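Here is a short tour of some backbone and side-chain details worth a look on screen. Keep the structure open as you read.

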Amino acid sequence: MTRVFMNAVKAVLPELATDVLIVMQKYKRKFGAYPNLIRPTTYNEKMLYRMLFDRRPIWTQLQDKYVVREYVKTRIGGQALPRLYWVTKDPGDIPFDELPEKYVVKPNHGSGWIALVPDKAQLNRQELVETCRGWLRQNYYYHFRERHYKPIIPRIMVEEYIDDGTWLAPKDYKLHVFGRKVEMISVMTGRFQTLRCNVYRRPWNKLNVKLGMENIEQDLPPPQHLETMIEYAEALSNGLDYIRVDLYDTVDQVFFGELTPTPSAGMKRFEPRAFDRYLGGLWRMS
């Protein structure tokens, strides 16, 4: 679809119609067929339906990485939240000299944007500030048309560095909660290195499934605090038909990562493809 054509479409169609057209074309290019948005049945189709048509403010609240902290406190308490060292709309005022030796910098209004600072003595401060300003100039809604991103007020957050002792970044446990029950846990390793993922059914049974990337070469033992992770995820999902809860597990405790209302923006490539329909069957949309 050419830029000229898309500019013409945007000029004559309402924003929602433009979003639907863009999303359907992206889906068609990726999967070879258009999604069914009238009667969605697969996980991806239901995800697209939510991000295009479900305007409940709760999704923006949960996707905002700063605002969601208060939601987490009310549901499971503040003990699971990484320490927040600084939050600002101007990265130029980050108090670098007052920060600990390692920390994490990220914006509240996007996905995949993060800077790990494992040793602040090696940090190029100005480069990081410019990266942050680049994040702040963008509205993440325009990347994949996830409408709940659009109203978020952009901020930069400086948080505690979570270390589980295995990688530069800790294992990322993504608990998929359908109807307030954790049905599946995907585990990602190797962020900033070689990203891989395994998929487990509750309590900890490995599935022969790929989620758009290669599996981890070896099977993984269950996390030390698996029951606490499930408890947190189900408490955070109360009242929601589906949500993905991202958590980290360390020797001492479980840490909250984020809540994700529309993982992969409805474009997740499953192997086998039938797993898309299986997950869609678990999701009873409200």
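Arg-180 sits in the loop between S5 and S6. This is a predicted model, and in it the phi of Arg-180 is positive, near 65°, although the residue is something other than glycine. Arg-180 is partly exposed, with a relative accessible area of 44%.

Arg-145 also deserves a visit: its phi is positive at about 70°, and it is not a glycine. You will find Arg-145 in the loop between helix H7 (141-144) and strand S4 (156-160). Arg-145 is buried, its relative accessible area being 8%.

## The open sheet

Six strands make up an open sheet with antiparallel pairing, in the order S8-S7-S6-S5-S10-S11. Strands S8 (205-206) and S11 (254-260) are at the edges with a single partner strand each, so one side of each has no neighbour in the sheet. Helix H8 (residues 226-236) packs on this sheet, touching S5, S6, S10 and S11, and its direction makes about 50° with that of S5.

At one end of the order, S7 (residues 196-201) and S8 run antiparallel and are joined by two bridges. Arg-201 stands opposite Asn-205 in S8.

## Two cis prolines

The loop between S7 and S8 holds Pro-203, which is joined to Arg-202 by a cis peptide bond with omega of about 5°. Another cis bond runs from Glu-271 to Pro-272, with omega near 5°; Pro-272 lies in the loop between strand S12 (270-271) and helix H9 (274-282).

## A buried lysine

Lys-46 belongs to helix H3 (residues 43-53). Lys-46 is buried yet has no salt bridge, and the nearest side chain of opposite charge, Glu-45, is 8.1 Å away. Leaving aside residues up to four places away in sequence, Lys-46 touches Pro-40, Thr-41, Gly-280, Trp-283 and Met-285.

Terms used. Residues are numbered from 1 along each chain as its sequence is written. This is a predicted model: local features need pLDDT of at least 70, side-chain atom pairs count only at pLDDT 80 or more; totals for chains, interfaces and linings use all residues. Side-chain values use heavy atoms; hydrogens and water are left out. Helices (H or I, at least four residues) and strands (E, at least two) are DSSP runs, numbered from the N terminus. Buried means under 20% relative accessible area, exposed over 50%, partly exposed in between (1.4 Å probe, protein chains only). Lys and Arg count as positive and Asp and Glu as negative; His and the chain ends are not counted. A salt bridge is a side-chain nitrogen of Lys or Arg within 4 Å of a carboxyl oxygen of Asp or Glu. Contact means heavy atoms within 4.5 Å. Two strands pair if DSSP finds at least two bridges between them. Axes are lines fitted to C-alpha atoms, for helices over the stretch in contact, and angles run from 0 to 180 degrees between N-to-C directions.
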